[in-house]
Amino acid sequence: MTMTAIPAFGTPPRSRRRLWIEQITGASFALPALALLILTILLPLAVLLYLSLTNYEFGAISADWVGLANFSKALADPIIRRSVINTLIYVAIVVPGGVFGALLIAILVHGRRRTRSLYEVIYFLPVTSTLIAMATVWQFLLHPALGPVNAMLKWLGFGEIAFLSEPSTALATLAVIGIWQLLGFNMILFLAGLSAIPRDLYEASEIDGCSNGIDRFLTITWPLLGPTTMFVIVTTMITAFKIFDTVAVMTRGGPMGRTEVLLYNIYLEGFQYFHTGYAAALSFIFLAFILVFSVAQTFTLDRKVHY
Amino acid sequence: MATVDLTSIAKSFGPTKVLGGVDLSIADGEFLTLVGPSGCGKSTLIRIIAGLEAQDSGGVAIGGASVDHLRAHERRVAMVFQSYALYPHMTVGANIGLPLTMSRMTLRQRLPLLRLLSRQRREILRGIEADVGAVAAQLQLEHLLDRRPAQLSGGQRQRVALGRAMVRSPDVFLMDEPLSNLDAKLRVHMRTELAELHKRLGATFIYVTHDQIEAMTMSDRVAMMDAGDVLQLGTPSELYERPASIKVAQFIGSPAINLLPATLAGSGRIELFGRPLSLAVNGTAGASITLGIRAEALSLAQGEPGQGGRAWFSARLRRKENLGSEYILHFDLAGRDAPGVTTRATAATAATVNETAEVALTFDETACHVFDVGGERLEPRNGGAVSSVVPLRA
Ligand SMILES: Nc1ncnc2c1ncn2[C@@H]1O[C@H](COP(=O)(O)OP(=O)(O)O)[C@@H](O)[C@H]1O
Ligand SMILES: [Mg+2]
């Protein structure tokens with residue numbers, strides 16, 4: 001051990017200089033990230049906040065300060081309320097379907113040895129494809145007269161269903177498409193979680209009396225996947241809450257407003273009706289929801305069970 | 001309590017043959033160790049006994065009855081894994097109690113929410129708790145019952161794994177390298193604990209290790225395995241004193257046995273480095289053989305080499321290894337087509353040698369092991385040396 005390796009308590013001028021250099025170095029490492037954060041998130045947020053407090057309209061030269069009027073209008077607006085409820089219904093269908101469906105598929109795929117990667121690719125394909133293009137395919141598949149789904153229903157003796165134009169089925173149909181799009185990604189997350197469970201544990205449980213798949217799932221798989229499941233639930237919630245593209249391409253909020261969702265309404269207010277100030281206020285409401293989910297995520301991930 | 005009988009167990013993984021027809025009979029209450037180098041199929045064999053792996057052919061019987069059709073948990077065996085395989089999300093108490101939970105409760109009584117409907121549940125839980133407490137007391141784990149495995153030391157985890165095995169009072173304990181993850185000191189301590197546990201429980205223990213010291217110190221009998229076959233089955237002293245083949249001789253004992261190339265002269269007399277020994281075996285003249293001499297049978301010659309007809313050869317010291325109680329001396333056999341040899345020596349003897357000069361090493365011919373070209377043991381004729389046996393030095 002040499003003396004220079006020990007923090008020099010006896011030589012204040014040198015150590016102060018070194019501290020200073022360290023601080024400068026640290027700050028300059030953080031600077032690019034900080035600059036990006038300010039430019040891409042904090043600054044736009046500030047502008048958004050300012051806009052939400054005015055009655056600015058896109059293309060106008062000036063705007064009036066209206067205080068919280070936009071927010072009180074939004075809270076009282078029945079269309080907005082309906083779109084929030086629709087969004088929540090959509091989330092309520094997509095989250096259980098997208099999470100438990102993916103878990104089931106992951107467990108089945110995990111059990112395959114030779115064909116595993118084939119199934120992984122098949123289920124992951126929807127994630128990599130453009131939803132706009134896929135939406136067209138779905139529209140064709142679900143078409144009441146031309147689509148194979150209805151042909152199948154008719155062949156089975158059911159009546160034909162106009163999935164996307166029937167008010168009672170439109171939102172649920174979008175949710176099914178949403179689940180289809182999410183399954184692959186969630187499956188990959190669950191597969192990673194499953195692979196991290198030591199095989200020894202299954203063997204030990206087999207000797208200890210877990211004789212069937214249900215016992216093994218309840219004793220080992222489900223509890224040990226806990227952190228993964230929490231993560232998947234929260235990310236699926238956030239993704240589902242941001243539903244926009246299928247609505248914009250396939251239903252445009254119809255039929256009879258049954259598929260109007262929050263993000264689509266923000267888009268309408270901001271880019272179709274040019275009520276920029278009002279859209280900004282709606283965006284804040286949207287952000288509030290996302291924030292709640294994110295906090296939930298941070299919370300569950302931070303206190304995730306450390307085994 | 002039960003015997004375990006294996007009849008021609010064979011197993012291959014794809015094209016790799018892992019076990020080639022193992023026959024083994026383990027007595028009731030016996031401590032049998034499977035020992036062998038890594039990859040020789042020990043784990044595969046013990047996993048077949050446990051029911052975690054299915055053999056390709058052959059049969060396993062426990063307590064005289066075939067268990068081939070039984071699932072792992074129906075075989076009344078318990079297993080301790082090298083990794084301990086404790087359930088990380090359960091407390092120590094729940095870990096030890098899981099075998100009882102699984103056997104005493106129905107699925108409905110174990111399910112979340114639904115289990116609240118069961119009236120007997122509390123009573124069963126109390127019974128399990130009592131049994132877990134009794135096992136924990138035997139292993140000094142009572143104060144740890146509410147901890148998670150991650151909060152335990154290696155030795156404590158090891159004891160929890162033992163507890164989980166003990167709680168069902170199985171007929172057979174299977175242990176796959178249970179001490180490998182412990183530090184050296186704890187390992188020595190746990191050897192004693194396991195041997196005492198075996199004595200106390202009186203159950204059959206089948207113990208897998210690659211460490212010959214564990215095999216020698218704990219077992220009633222040792223089965224030495226290599227490349228999927230049992231090379232020799234016997235008590236630790238049988239394996240040490242009469243190894244059936246060169247592989248067994250090499251594997252058992254530390255430092256490893258000294259192997260010297262030798263040849264047979266006429267009438268089966270052994271010639272080492274051109275000098276005839278008084279040792280003879282059955283064999284044709286001119287055949288090459290291998291002479292095995294344990295380190296403790298080899299010593300520095302006192303006085304004139306060859307004195308009293310004792311066999312000897314010359315060597316030069318390479319290195320001294322101080323073990324505290326004794327020295328291990330490593331010698332080179334200069335100019336000879338043979339690897340070096342090792343001997344044990346007291347500190348006083350070790351002080352008399354150095355690297356500069358050649359010394360004479362002498363050995364007790366009755367303690368030699370003779371192996372043929374194929375590595376099989378050859379028995380010395382007349383039960384030992386032919387003539388002029390000099391009494392061992394004190
Ligand atoms: N599930 C398996 N698939 C393929 N090969 C295996 C499998 N299990 C073990 N083996 C092979 O069988 C041989 C013996 O393994 P094992 O019984 O674990 O040896 P040991 O416990 O004596 O070290 C090794 O060569 C190993 O690679
Ligand atoms: Mg092994």
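## Around ligand 1

A polar side-chain atom of Ser43(B) sits 2.5 Å from an oxygen atom of ligand 1, in a model that is predicted. Lys42(B) also brings a polar side-chain atom to 2.9 Å from an oxygen atom of the ligand, while Cys40(B) uses a backbone N or O atom, 3.2 Å from an oxygen atom of ligand 1. Taken on its own, ligand 1 has 560 Å² of accessible area, of which the protein covers 58%; such areas come from the Shrake-Rupley method with a 1.4 Å probe, and for residues only the protein chains shown count as cover.

Who else is around the ligand? The surrounding residues are Phe13(B), Val18(B), Ser38(B), Gly39(B), Cys40(B), Gly41(B), Lys42(B), Ser43(B) and Thr44(B), where being near means having a heavy atom within 4 Å. Helix H1 (residues 42-50) of chain B gives the most to this shell, with three residues. Helices (H or I, at least four residues) and strands (E, at least two) are DSSP runs, numbered from the N terminus.

## The annotated domains

For chain B, an unreviewed UniProt entry places "domain: ABC transporter" at residues 4-252. This stretch of chain B is 38% helix and 24% strand, with its end C-alpha atoms 25 Å apart.

For chain A, the UniProt annotation "domain: ABC transmembrane type-1", also from an unreviewed entry, covers residues 84-297. Here the chain is 76% helix and 0% strand, and the end C-alpha atoms are 21 Å apart. UniProt positions follow the numbering used here, feature names are shortened, and annotations may be inferred rather than shown by experiment.

## A nonpolar patch on chain A

Chain A carries a nonpolar surface patch of about 860 Å², whose members include Leu31(A), Ile41(A) and Leu287(A). Patches take residues with over 30% relative accessible area and no salt bridge, joining nonpolar side chains (Val, Leu, Ile, Met, Phe, Trp, Tyr) within 5 Å and like charges within 9 Å. A salt bridge is a side-chain nitrogen of Lys or Arg within 4 Å of a carboxyl oxygen of Asp or Glu.

Helix H1 (residues 12-52) of chain A supplies the largest share of the patch, nine residues. Ile41(A) lies in this helix and counts as partly exposed because its relative accessibility is 42%; buried means under 20%, exposed over 50%, and partly exposed in between (1.4 Å probe, protein chains only).

## A threonine pair

Thr251(A), in helix H11 (residues 245-251) of chain A, is buried, with a relative accessible area of 11%. Its side chain makes a polar contact of 2.8 Å with that of Thr259(A). A polar contact is a pair of N or O atoms within 3.5 Å; within protein, one must be able to donate a hydrogen and the other to accept it, and residues adjacent in sequence count only if both atoms are side-chain atoms.

## Reading the numbers

Residues are numbered from 1 along each chain as its sequence is written, with chains lettered from A and ligands numbered from 1 in the order in which they are written. Local features need pLDDT of at least 70 and side-chain atom pairs count only at pLDDT 80 or more, whereas totals for chains, interfaces and linings use all residues; side-chain values use heavy atoms, leaving out hydrogens and water.
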